[in-house]
Amino acid sequence: MKEVRTRFAPSPTGFMHVGNLRTGLYAYLFARKHGGTFILRIEDTDQGRYVEGATDAIYRTLEAAGISYDEGPGKEKEGVIYVQSQRKALYMQYALELIAKGGAYYCFCDKRNVTDGGVGKYDKHCANLSQEEIQANLAAGKPFVIRMRVPETDGVSEYDDLVYGHIAVAYKDMDDMILIKSDGMPTYNFANVIDDHSMGITHILRGNEYLSSTPQYNMLYDAFGWERPCYLHLAPIMRDHEHKLSKRYGDANFEDFVAKGFLPHAIVNYIALLGWSPKGNQEILSMAELEEQFDISGLSQSPSIFDGAKMRWLNAEYIRSMPFEEFATVARPFLAKSKVADLFDNELLLRLAQPRVETLGDIPELLDFLAEYEDYDLQLFNHAKNKTDLAVAARLLPLAIEALKGCEWTNDAILACLSEVALAEGVKKGAMLWCVRIAVTGRAVTPGGASEMALLLGREECLRRLAYSLERL
């Protein structure tokens, strides 16, 4: 195989949708797997849909996702421009060359006057204008587009896709698509082919919505006498069994997921598995492992369903495997949004949170109750397994208060202290710990046990809450 050159060519029309990012990821992994070159190209010819700041979002997303490009904006190869709107003159040059080769023609039809040559097709009204008619129209300054010339025969254009196999489309089912618009800008279809050829792209990875239009792109390659690239079309990511994930409806924005507390590589890991299966059963894969294991034999022809719960699970696995200091660095901005960050030891809060949250965004919800201590339902003291009720709690809490007044304030010491009192009183350790935890938190479910909650609250606040609960009992 000659040097592999792949590209990612997003349009700056909004945020980075995870389906689009997956395409870029697969193109990147394919290039890395084969020791090739990965190129970033910004396809901004559709100025009507351009969104301010979207180009910067592309750069931010790729950097956060760990997808580094070898050529592209900021990494230019001499003489190559990687932003389509800056290549306008090049497209017209190629379009005129294609007219000279007989593969394209000027079309002067006002679109309001174009008759339908068959479902959505142009009727080729200008396909056979004489040279004199063409020159007269140009001299008169009449607006025009440049169209591709599809043969008027019964032939087919065909190719072999590396995922979907043999694809063929009859000429009669193709339209003489516009290559250059009336404003002189190229259409996506034309610019895409010119850019891929001029940048030496050998393998094109894109969504399977282009399966049926690729034969027309190949006709352009053939008309110019260029070598065709190889194609890998990718099955879509679905929101459910009927609906695709859609940028238009705000589905699955990479930066939104990061803002909600998903780790960038956990997102990348998850979307890598949406449409591709590694040969083993391993689901948690570093970028280096993805680069090593990615193989097109694992690409599926079937759509994948985006499972938010599965991504949360995967994200939780990443969080729990992180060294604490690394976790603390990414978690502190989320803790700062909570009600408890200014009240308690932040390191203790984060150590409690790390094994218990699925996303960083879960941190405030997990911990905020600690700042909202108020009257709670005393029936929480009733617990069949621990054999506790209100009377047991009223008997144990004074003992806990006295013991904790002089106890060393570490988790192990608090736990040992309460356990010793329970043993001396002839009750289960679980009974004492349950009563203390209910008394200091007012919750049946907490992010830690009685000793951890006491440690976090500090001696003074812990004793205050115990006394308040005892008074209520």
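Reader: What kind of model is it, and how are residues numbered?
Author: The model is predicted; local features need pLDDT of at least 70, side-chain atom pairs count only at pLDDT 80 or more, and totals for chains, interfaces and linings use all residues. Residues are numbered from 1 along each chain as its sequence is written, and side-chain values use heavy atoms, with hydrogens and water left out.

Reader: At what angle do helix 5 and helix 6 pack?
Author: Helix 5 (residues 188-198) and helix 6 (residues 214-224) pack at about 50°, and their axes are 10 Å apart. Helices here are DSSP runs of H or I, at least four residues, numbered from the N terminus. Axes are lines fitted to C-alpha atoms over the stretch in contact, and angles run from 0 to 180 degrees between N-to-C directions.

Reader: So what is that arrangement called?
Author: That angle makes helix 5 oblique to helix 6. Under 35 degrees counts as roughly parallel, over 145 as roughly antiparallel, 65 to 115 as roughly perpendicular, and the rest as oblique.

Reader: Which residues meet there?
Author: From helix 5, they include Tyr188, Phe190 and Ile194, and from helix 6, Tyr217, Leu220, Tyr221 and Phe224. Contact means heavy atoms within 4.5 Å. By class, this contact has eight nonpolar, two polar and one charged residues. Ala, Val, Leu, Ile, Met, Phe, Trp, Tyr, Cys and Pro count as nonpolar, Asp, Glu, Lys and Arg as charged, and the others, Gly among them, as polar.

Reader: What about helix 3 and helix 5?
Author: Helix 3 (residues 88-101) packs against helix 5 at about 95°, with axes 10 Å apart. The two are therefore roughly perpendicular. Leu90, Tyr91, Tyr94, Ala95 and Leu98 of helix 3 meet Phe190, Ala191, Ile194 and Asp195 of helix 5. That contact has eight nonpolar, no polar and one charged residues.

Reader: Changing topic, how much space is in the second largest pocket?
Author: About 270 Å³. A pocket is an open set of points on a 1 Å grid over the protein atoms alone, where a 1.4 Å probe fits, with protein on both sides within 12 Å along at least five of seven lines. Its volume is the space filled by probe spheres set on the points, which are joined across faces, edges and corners.

Reader: What lines it?
Author: Twelve residues line this pocket, and Cys109, Lys111, Val145, Ile178 and Ser182 lie nearest its centre. Lining residues have an atom within 4 Å of a point. The lining divides into seven nonpolar, one polar and four charged.
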